[in-house]
Amino acid sequence: DGPSAFRLLEDRIAKIPQNSTLDFRGFVDHTGQPCCGFGWKFFHHYTSVCELDVLVLSLSPYAPLIHGETRLWPPWGSALAMIKDMWFRHVNPRFLVIPEDIDHKSLCINSNERWDRKRNSFIGGPHLSYFQNEYFDIDEFYPIQSLTMYDLSVQLPNNPWASLNRTYGNKCARFARLDTFGHIELDLHYPIFSRLSRPSQFT
């Protein structure tokens, strides 16, 4: 269940060596403020060049969730979420979605109070999501696949491209975005841009 998963996570994080590349500073952002509405962040221990967003998944009887960031924005979000919850209330959950903590912006705080242990779902407010298109059908997520990346063993969803294509469009495997909203895109098939596919060189 959700609370047990968070306790296990905190226990494993506590065992990360002090000289590890991964730096967990608690459920905060780079300024030390409470974070995040979608999960939490890891930081690079030795450089500020990158942050790693860790997105928490919750079981849901439907997807996508209604887009929303707060109870008041967009104005119709909370009402539509309540209607959808009522419509699907007797449907068995088969989607994994990213809920949004619209009240506290800290999804993992007070997990005992805000996660349904039986359904492994977030109950800390209306079922809204800022990342509504980033979801998986159960068959897209399971069975989990294993991949070796450098000296790491990485676990991947059964079909990760299903969620990526929904989120970024069907051309996301070929085009690199140079800004958050995709206003500037470069085609990685052109040799002049191939360097963007290579790993970053920093330690």
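## An open sheet

Three strands build an open sheet, ordered β1-β2-β3, with antiparallel pairing. β1 (22-23) and β3 (51-55) stand at the edges. Each has a single partner strand, so one side of each lacks a neighbour in the sheet. This is a predicted model.

β1 and strand β2 (residues 39-44) run antiparallel and are joined by two bridges. Across this pairing, D23 stands opposite F43 in β2.

## Helix α2 and its two faces

Helix α2 spans residues 77-87. Its buried residues are G77, S78 and A81. They cover an arc of only 90° around the axis, which puts them on the same side of α2. An α-helix has 3.6 residues a turn, so residues three or four places apart point the same way.

What do the buried residues of α2 pack against? They pack against β5 (66-67) and β9 (128-129).

## One disulfide

The structure holds one disulfide. A disulfide is a covalent bond between the sulfur atoms of two cysteines. Here the partners are C35 and C36, with their sulfur atoms 1.4 Å apart. The link of C35 and C36 is right-handed, with 80° about the S-S bond. Are these cysteines buried or exposed? Both C35 and C36 are buried.

## Aromatic pairs

There are six aromatic pairs in the structure. One of them joins Y130 and F131: the ring centres are 5.3 Å apart and the planes meet at 85°, so the pair is edge-to-face. Y130 counts as partly exposed, at 37% relative accessibility. F131 is partly exposed too, with a relative accessible area of 23%. Ring pairs also bring in F38, linking F38, Y130 and F131 into a cluster.

F136 and F141 form another pair. Their ring centres lie 5.3 Å apart, with the planes at 65°, so this pair is edge-to-face. F136 is buried, because its relative accessible area is 10%, under the 20% cut-off. F141 is buried as well, with a relative accessible area of 16%.

## Charges over rings

Which residue lies over the face of Y135? R166 does, at 4.0 Å from the ring centre. K171 lies over the face of F175, at 5.0 Å from the ring centre.

Terms used: Residues are numbered from 1 along each chain as its sequence is written. This is a predicted model: local features need pLDDT of at least 70, side-chain atom pairs count only at pLDDT 80 or more; totals for chains, interfaces and linings use all residues. Side-chain values use heavy atoms; hydrogens and water are left out. A disulfide is a pair of cysteine sulfur atoms within 2.5 Å. Buried means under 20% relative accessible area, exposed over 50%, partly exposed in between (1.4 Å probe, protein chains only). Helices (H or I, at least four residues) and strands (E, at least two) are DSSP runs, numbered from the N terminus. The arc is that of the directions from the helix axis to the C-beta atoms. Contact means heavy atoms within 4.5 Å. Two strands pair if DSSP finds at least two bridges between them. Rings of Phe, Tyr and Trp (its six-membered ring) pair if their centres lie within 6.5 Å; planes under 30 degrees apart count as stacked, over 60 as edge-to-face and the rest as tilted. A charge sits over a ring if NZ of Lys or CZ of Arg is within 6 Å of the ring centre and within 35 degrees of the ring normal.
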